[in-house]
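Open the model in your viewer and switch to a cartoon view. We will go stop by stop.

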Amino acid sequence: MLRTTSSPIFSSFRGRPKTPRLIFKAFSVLLEDSPPSARRNASTNLTTLHQGPPTSAYVHLPFCRKRCHYCDFPILALGSSSVSNAPYEERQEEDDPRITNYVNLLVREINATRTCFDTNPNLKTVFFGGGTPSLVPPKLVSLVLETLSSRFGLCPDAEISMEMDPGTFGGEKLKELMGLGVNRVSLGVQAFQDELLKACGRAHGVSEVYEAIEIVKACGVENWSMDLISSLPHQTLEMWEESLRLAIESQPSHVSVYDLQVEQGTKFGNVYTPGQSPLPSETQSAEFYKTASSMLRGAGYEHYEVSSYSKEGFKCKHNLIYWKNKPFYAFGLGSASYVGGLRFSRPRRLKEYTKYVADLENGAANWCGDGNVDLKDVATDIIMLSFRTSKGLELKEFGEAFGRKVVKSICKVYEPYVESGHIVCLDDMRKEVMSDEFKKLVGNDEKKIEDHVRYLRLRDPDGFLLSNELISLAFGVISP
Amino acid sequence: MAMAYAMDLSPPTFFLSPTPSSLRRLSSFPVSTFPRHSNRRLQILCQATAGTQPQSQSNLSDSNSKLAARSGQDRLLKVPISKIRNFSIIAHIDHGKSTLADKLLQVTGTVQNRDMKEQFLDNMDLERERGITIKLQAARMRYVYEDTPYCLNLIDTPGHVDFSYEVSRSLAACEGALLVVDASQGVEAQTLANVYLALENNLEIIPVVNKIDLPGAEPEQVLREIEEVIGLDCSKAILCSAKEGIGITEILNAIVERIPPPPETAEKPFRALIFDSYYDAYRGVIVYFRVIDGKVKKGDRILFMASGKDYFADEIGVLSPNQIQVDELYAGEVGYISASIRSVADARVGDTITNFSRKAESSLPGYEEATPMVFCGLFPVDADQFPDLRDALEKLQLNDAALKFEPETSSAMGFGFRCGFLGLLHMEIVQERLEREYNLNLITTAPSVVYKVHTVNGDTTMCSNPSLLPQPGLRKSVEEPYVKIELLTPKDYIGALMELAQDRRGEFKEMKYIAENRASLLYELPLAEMVGDFFDQLKSRTKGYASMEYSVIGYRESDLIKLDILINAELVEPLSTIVHRDKAYSVGRALTQKLKELIPRQMFKVPIQACIGSKVIASEALSAIRKDVLAKCYGGDISRKKKLLKKQAAGKKRMKAIGRVDVPQEAFMAVLKLEKEVL
């Protein structure tokens, strides 16, 4: 069948504008051929999930010693020459006016954030990302947490994560942070080879890595994650295996493995072409991914998301909010929030961000959605986020929200990939539905599919490795 | 170099069959869109010229120009048949036909000097943009020679000699022709072909050597060439420079003195020869004709003898050069009829017009049906444009009786049309018009010719679509059309051209030197070998100096096979071609390699094969994508990632699915282009 001749399954639908009070029932209308009235009032989980008040907040602390060669995040480089050899506790970050001014601005933003929800539940997760949040003096972190707490409330058992880089904190600082409530550390190790760390412009070496691991452990942080990057320039499979081995030996409760993305405008982007030396070839790079998956799973980690592994009970609660398409606040330079159905990115430049905060205080800036959402957008968000997880796409909910017809079309487009093993199809007991059976089901009516197929997920690692290709196939179903 | 290239750019003729006159209009309208074929046709501004005062801006004397203008304004006055002269101009592109015609109009006062200066010589872009130019199809001029007024009718021949049927009909409407040859270029192949057509029609030919004012002019040598190559007596040849106005009067005098008047047949039943027709959106088809016998009056009921359609002549008139209504035209005169005719197919070039109530006994000789010789599939890139494409083709057909089309479905390209054309130029013009005027985005399959297939059960079928070629077991033999091709070239390039002709399965027939430095090569080769880039190759291998002419000589049996392309074991029908067995391997290799370059890698390994029947003769494999994963959705910011995924999805949408493989449209287009080149 020709793609171009197939009729659109979705038509663009916009929920009627609602008053903020009502937005959470904005739409739950099926977008298939059957008359929508039948289900007009049947709110479903999927479409309402993200509509409630957020219970998560991302806080961006953009300061870094210097910019890593692969990095294209909104950061503010402080420079490190004068302080690089001083012990952590004596460094001047305490008094750096750039940090103080920024945090003051951040606090203003949090305070100016007026929500439009009836209830204001306490925050369950807070994530300090960066940048290098560990460069920010604890007393300023404290100020931020206090502001969040007074503005939204903070659950006593809230997960409060902070990204920390080796060489930017000592035991005392970490203890202080823990005293403030930080209970999850995400350690930016990236590699266990000095030459690789140097080649990607990291501000630390391997010795700082070991030191940092020691500090984290000594301080008794139970919930900590280690970040690693694969496919770095000059990285060999042996080096990668070594990094994974050493990572496993240091026993983090969580490991994030990122495949290097060569972004335009970064140093790497200017010098390297993906797949070409000194970057590993595509085949090697795929091998790295598979190796990580098998080694980490072998060591008792669950591969619960494309790039996340965790020991039991240590999934990152904050990140799960993202994958579940739930709403979250975001504060700080360039950060992206998702409230009221609106994904909003703050300005990436300090000057514009400052103006944004002022606008927010005047009531001139709008970051909160009013419930007017494009259903296609929601559907594609859910697809792209669900398929990142090992849980996969829940077809029943999805079908209820967007129509069984769409589910059938997605199944149809994935049929060859179920056969090739890239996609796993599961019943409601999470038992795998074999490809011949799946083939038969797809030939059947929508109801039959619903009865027998509950989840579609990408197979680890073959499906995860091709996630873009596979997800974009489903996108094609949503927006033909 | 640019000049040399431009000198001889008329494309080759690809057919021996009739050509719709309307094509000339097709080809002349978007002239600038075909720089390759830039044939500057006579263009005259269509606007009221009455009442404007002639101004002496030319190098003609004041009194001359006034006298000419006066007689020019009397040009509607009737003269006896014996004082009518009908002629055309035969010239190679850029040898000065347009300039000479302009000058004749100017000197006879048919077009005012001022208009010539200010409007006619203006650049074409402007004229075209304003949509105010008309093409000169014929021009009636009044010329006073030895105190006797004469009526001279210049009948234009199509610039592209491709449309040789049309040329022959235009020439059949004349009693004489000016043969214009560039004093520095000499005789070209197409000029030659047209002169032969003129001689067949018993035309009095007046050799004219133009551009004698140019530094490189060698009129003596050119005259010798005309005598040797064509065998014309050049003792009374005229040397002129149309640009400088030298020799114009001599030419006019020669037309009166040497070209015979039309026969006195005004009393016979009305018969007129159509030499051109075009579709006017407001008035229907306008027919240009030469009255051979009898007369026609406004309001007469007329009958088109070949199409059998009859109409009332709402309006008759002469072209001078814009349309001017008259009440009556009689034998020997040239004019137009507007009769609310719906389609040019009803009044085709070569058809005979007669009087409905006093029919002529027989039609004029020489009429031929249009037979498409070159076929290709046209598919809209966007399937939604299919109805638009159909409408556009239907509209074009109103003005182009030779355009044939029928719906075609292809697994890869979706819905489209298989279209038949008279030749490659015709095909190009139609495609260009569809894309430009109708805003359609089209994919064209490689052009193919019509094969004659003898099946084992004794049937003979004509096949123009590779996918419809009967299975090998069912066919006894396949014949393909052959052409006789004549190449004129400076002797330095003889080797290069022989190599080209050999490559294209050419069979050498003859070589002769037509001048010290120039040779003529005669080959017979399959038409299929010419529908590709033969002409482009001819030009590039001879730095633009060679010219060519060809005619179809009939069908011959060849060892032809159908070459299929399989992507991931799925047959891709639009890429199938019919090739000679000897070429199958190289074509197969080229196609599979190109496809490997163009098809994006998939999530699995994809074999790409070229096959004859079930036998694989060339094969490539596309390796599978190993990794395509966006590792991080940092800080929950999914917008950028989503954008990338959307782009990726959109990219897939632009592709056509061949089984499980997504093949981008560009791959088809590039391969089809390659097919045009390698076949």
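At what angle do the axes of helix α13 and helix α14 of chain B cross? Keep in mind that this is a predicted model. Select residues 494–503 of chain B for α13 and residues 534–541 of chain B for α14. Their axes cross at roughly 160° and come within 10 Å. An angle over 145 degrees counts as roughly antiparallel, so α13(B) is roughly antiparallel to α14(B). The crossing is right-handed.

Now show side chains. From α13(B), pick A496(B), L497(B), E499(B), L500(B) and D503(B). They meet F534(B), Q537(B), L538(B) and R541(B) of α14(B). Sorted by class, this contact has 5 nonpolar, 3 charged and 1 polar residues.

Next, move to chain A. Find the open sheet of 9 strands, with mixed pairing. Trace its order: β9-β10-β8-β7-β6-β5-β4-β1-β11. Why do β9 (302–305) and β11 (329–331) of chain A each have one side without a neighbour in the sheet? They stand at the edges, so each has a single partner strand. From one strand to the next, the twist averages 20°.

Zoom in on β1 (residues 56–61) and β4 (residues 123–130) of chain A. They pair in the parallel sense, over 6 bridges. Click L61(A): opposite stands G130(A) in β4(A).

Last stop: helix α7, residues 237–249 of chain A. Helix α7 lies across β7 (223–230) and β8 (254–259) of chain A. It runs at about 180° to β7(A).

Definitions and conventions. Residues numbered from 1 in each chain as written. Chains lettered and ligands numbered in written order. Predicted model: local features only at pLDDT ≥ 70, side-chain atom pairs only at ≥ 80, totals over all residues. Heavy atoms only, no water. Pairing = 2+ DSSP bridges. Helix = DSSP H or I, 4+ residues; strand = E, 2+ residues; numbered from the N terminus. Axes fitted to C-alpha atoms, helices over the stretch in contact; angles between N-to-C directions. Contact = heavy atoms within 4.5 Å. Parallel < 35°, antiparallel > 145°, perpendicular 65-115°, else oblique. Left-handed = near helix turned anticlockwise from the far one by under 90°. Nonpolar A, V, L, I, M, F, W, Y, C, P; charged D, E, K, R; others polar.
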